[in-house]
Structure formats: structure tokens, C-alpha cells
Amino acid sequence: MQKSRTLLFALLAAATYAQANETIRNANSQFTLSIGGNKLDYEELDIFELTEEGILDSERGTQAAAQVSHSYQRAFAGIERVYHRIEFTFAEGSTDCDGWLQDAETGALVSPYHSRTNARIYEASVRIGKGLAITDAPEWQVTPYLTAGWRKWVRDSADTPYGYREDYEHKYLGAGLLAQRATERTVFGIDVGYAPMVEADMLAPEFGEFRLGTNSIMSLGVSLDISITQRLHLTGSYQLKEFEYGISPVVDDMLEPPSKTREQRLFVGLGIQY
């Protein structure tokens with residue numbers, strides 16, 4: 001009787017492991033189209049103590065966003081659970097600008113300034129990793145990965161009084177950890193990432209290009225994948241990113257101050273599993 005029970009438990013554990021493995025593999029092998037919103041919170045820091053709040057200007061607002069991604073998890077070159085993901089995100093809308101008008105000759109702040117800014121955000125990223133099974137918890141998979149990416153923010157206030165266009169751009173290389181838990185038809189994921197910037201700059205067509213100081217990008221995300229049919233999946237995700245730019249060198253008696261950015265993205269989408 002004891003041997004029969006042991007065998008039964010072993011078979012159940014094997015079946016649970018196989019089901020969870022297949023559910024996570026299917027969630028990680030999709031072409032997905034998502035729509036949602038991008039909330040931008042940007043502040044330029046006052047290191048010269050010109051303001052009481054310590055902020056020279058800020059941009060805050062939510063933009064409509066879309067995301068296209070392709071992910072894949074399979075055995076490759078004899079290695080099980082090889083994972084990769086390619087992702088492109090685009091957001092467009094406006095932000096509320098709160099700042100100051102500044103005297104071009106003396107640098108003194110003249111008066112508060114408020115306007116609406118057109119915003120476009122582009123981001124592309126790729127990651128590759130290796131899924132690791134947890135023997136004592138077969139419904140879980142942990143995937144360490146390497147990642148590389150590029151982001152561009154077009155901050156365009158050229159159609160407002162005193163406004164002009166600025167393009168902020170950076171590239172990054174980093175690593176992260178994706179933890180996923182499967183049930184029969186769903187996969188819940190938690191994603192943590194750390195990526196130092198490789199380079200960063202700001203281009204203002206009216207004034208020139210400014211090389212920005214580079215820092216690291218911290219990210220945290222949660223996701224949910226629901227299998228509707230054998231191939232059709234409903235997906236949802238939330239991501240938070242925070243990063244900073246350092247002060248630029250002086251260019252033609254001008255510089256770009258340090259800044260910090262907090263960006264939140266919320267998406268719902270449909271995926272086709274293959």
C-alpha cells in the first residue's frame with residue numbers, strides 16, 4: 001500500500017510539473033499586440049538653488065500607448081528553456097509643463113511658466129535568458145536574463161510661446177529576473193530589472209546637442225497571461241521604470257540640468273501562441 005501511494009504521488013507530481021511547464025512555455029511563446037497608457041513624470045533638478053522647491057521645470061501627463069512583442073521559449077542547441085523577447089513600445093499625447101522663464105544673459109528666473117507639451121516616446125528592447133525549474137515548486141519558473149534597449153522621448157513645445165523641441169535619447173545594457181507561477185490556464189509574472197545606460201544625449205535643433213550624464217535604470221513589472229483557447233491569450237501588464245540623467249557639459253554658454261524620470265505603463269492585449 002505504501003509503495004502504491006508513493007507511486008501515485010510521483011505520477012501526480014510529474015503531471016503537475018508537465019502541465020505547469022507547458023502553460024509557462026505557451027505564455028512565453030507568443031506574438032502579442034497591446035494597447036494602454038504611459039504615465040510620464042519628469043523633473044529637471046535645480047542644483048543652483050534658484051527655486052525653493054529644487055525643481056526648475058517638470059512634465060507630467062498620460063499618453064496613449066501601443067506595444068508589439070514577440071517572445072519565444074524552447075530548447076535551443078541542446079539547452080532547455082531558452083527564452084527571448086523582442087518588444088517595441090510607442091506612446092503619444094501631451095504633458096503639463098510647469099517651470100520658469102529664464103533670462104538668457106544672466107540666468108535669473110523671470111516668472112513662472114505653464115504650457116502643454118506634445119510628447120512622443122519610442123522604446124525598443126530585446127532580452128535573452130534561461131528558464132530554471134524549481135523542483136519543490138513545479139508551478140514556478142525563474143528566468144534570469146540579459147537585456148539591451150533604446151529609448152527616445154520627443155519633448156515638443158515648439159507651437160507654444162517660448163517653446164522649442166528637445167529629443168532625449170539613451171541606450172542601455174542590463175540584466176533582470178522574471179519569476180512566473182502557472183495554474184491550469186493562467187501565468188502570473190513578476191519582473192525586476194537593472195540596466196546601466198550606455199550613453200545619453202539631448203538634441204535641441206535650435207541650440208545643439210548636449211551629452212548627458214548616464215545613470216542606471218530600475219524597473220519593476222507584473223504581468224498576467226490567460227489562455228482563452230489553445231492559441232489565443234489575453235494579456236495584461238504593468239511596468240514602473242525610474243532613471244536619471246546627469247548634468248551636461250556647457251555648450252555655447254548653455255547646459256542641460258540633471259533630471260529624474262518616473263514612467264508607468266499599463267497594457268492589455270491579445271496574443272497568438274505558436
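Which residues do ring pairs link into a cluster? Select Tyr 42, Trp 153, Tyr 168, Phe 243 and Tyr 245. Rings of Phe, Tyr and Trp (its six-membered ring) pair if their centres lie within 6.5 Å; planes under 30 degrees apart are stacked, over 60 edge-to-face, the rest tilted.

Before moving on, some ground rules. This is a predicted model, where local features need pLDDT of at least 70, side-chain atom pairs count only at pLDDT 80 or more, and totals for chains, interfaces and linings use all residues. Residues are numbered from 1 along each chain as its sequence is written, and side-chain values use heavy atoms, with hydrogens and water left out.

The structure holds nine aromatic pairs. Select Phe 90 and Tyr 122: the ring centres are 5.1 Å apart and the planes are at 45°, so this pair is tilted. Phe 90 is in strand E3 (residues 79-102) and Tyr 122 in strand E4 (residues 109-130), 32 residues apart. Helices (H or I, at least four residues) and strands (E, at least two) are DSSP runs, numbered from the N terminus. Phe 90 is partly exposed at 26% relative accessibility, and Tyr 122 is partly exposed at 24%. Buried means under 20% relative accessible area, exposed over 50%, and partly exposed in between (1.4 Å probe, protein chains only).

Next, pick Tyr 113 and Tyr 162. Their centres are 6.1 Å apart with planes at 80°, so the pair is edge-to-face. Tyr 113 sits in E4, while Tyr 162 is in the loop between strand E6 (140-156) and strand E7 (165-182). Tyr 113 is buried at 15%; Tyr 162 is exposed at 64%.

**Charge over a ring**

Go to Arg 127. Its charged end sits over the ring of Tyr 145, 4.0 Å from the centre. The criterion is NZ of Lys or CZ of Arg within 6 Å of the ring centre and within 35 degrees of the ring normal.

**Strands**

Show E1 (residues 30-45) and E12 (residues 259-273): they run antiparallel, joined by 15 bridges. Strands pair if DSSP finds at least two bridges between them. Gly 37 has Leu 266 as its bridge partner in E12. E11 (residues 232-245) also pairs with E12, antiparallel, over 14 bridges. There, Glu 242 stands opposite Arg 262.

**Last stop: Asn 26**

Asn 26 is in helix H1 (residues 2-27). This residue is buried, at 14%. Not counting residues up to four places away in sequence, Asn 26 touches His 233 and Gln 273, where contact means heavy atoms within 4.5 Å.
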